[in-house]
Amino acid sequence: MDNWIPTREFAPSRPDMYAPQRQCPNCGSNRVTVEHDRYDPKTRRFISADMRQVRIWGMLTWLLGTIILYGVIPALFGSHSAISATIPFWVPAALGAAVFIVTSARHEWRITHSVRVESYTCGQCGHKWTLHDGRPLPVNGAGR
């Protein structure tokens with residue numbers, strides 16, 4: 001247990017995880033790394049488990065709403081425009097929070113309705129392949 005290293009030290013990427021029991025179908029090497037990914041069989045695309053994009057959309061909505069409401073509209077229509085005066089300051093923040101909640105729910109739904117796959121990379125020849133339950137993915141779905 002002395003060799004244990006917390007994963008937080010390797011953010012945002014993790015160290016390579018080797019899978020010596022796998023053999024490269026291209027060159028036969030056992031120097032193979034594996035990554036566990038999420039894959040959507042309907043769209044045949046890989047899904048990122050990263051939540052940074054979800055946070056960015058919420059913050060961007062709040063920031064742009066504030067800039068438009070209290071910067072652009074007063075510049076175009078005068079500093080005493082009725083639009084800026086009637087809309088409270090918390091409305092862009094509430095809109096950003098709503099975008100964050102909706103995109104978070106959509107992201108979680110995509111994660112829970114996906115399958116877990118193993119993506120292998122040969123360390124010798126660089127060949128990549130992806131398996132789900134020991135079987136390869138469809139041709140146009142493989143290849144990240």
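Reader: Which residues make up the largest nonpolar core?

Author: This is a predicted model, in which local features need pLDDT of at least 70 and side-chain atom pairs count only at pLDDT 80 or more, while totals for chains, interfaces and linings use all residues. Residues are numbered from 1 along each chain as its sequence is written, and side-chain values use heavy atoms, with hydrogens and water left out. A nonpolar core is a set of buried Ala, Val, Leu, Ile, Met, Phe, Trp, Tyr and Cys residues joined through side-chain atoms within 4.5 Å; buried means under 20% relative accessible area, exposed over 50%, and partly exposed in between (1.4 Å probe, protein chains only). The largest such core has eight residues: A19, C24, V32, V34, Y120, C122, W129 and L131.

Reader: Which strands each supply at least two residues of this core?

Author: Strands are DSSP runs of E with at least two residues, and helices are runs of H or I with at least four, both numbered from the N terminus. The strands in question are β2 (32-40), β4 (115-122) and β5 (128-132).

Reader: In what pattern do helices and strands follow one another along the protein chain?

Author: The protein chain holds three helices and six strands. Read along the sequence, their pattern is β-β-β-α-α-α-β-β-β.

Reader: Against which helices do the buried residues of α1 pack?

Author: The buried residues of α1 are V54, G58, G65, T66, L69, I73 and P74. An α-helix has 3.6 residues a turn, so residues three or four places apart point the same way. Contact means heavy atoms within 4.5 Å, and the helices packed against are α2 (82-86) and α3 (90-112).

Reader: With which side chain does the side chain of S114 make a polar contact?

Author: S114 lies in the loop between α3 and β4 and is buried, with a relative accessible area of 8%. A polar contact is a pair of N or O atoms within 3.5 Å; within protein, one must be able to donate a hydrogen and the other to accept it, and residues adjacent in sequence count only if both atoms are side-chain atoms. At 3.1 Å, the partner of S114 is the side chain of R38.
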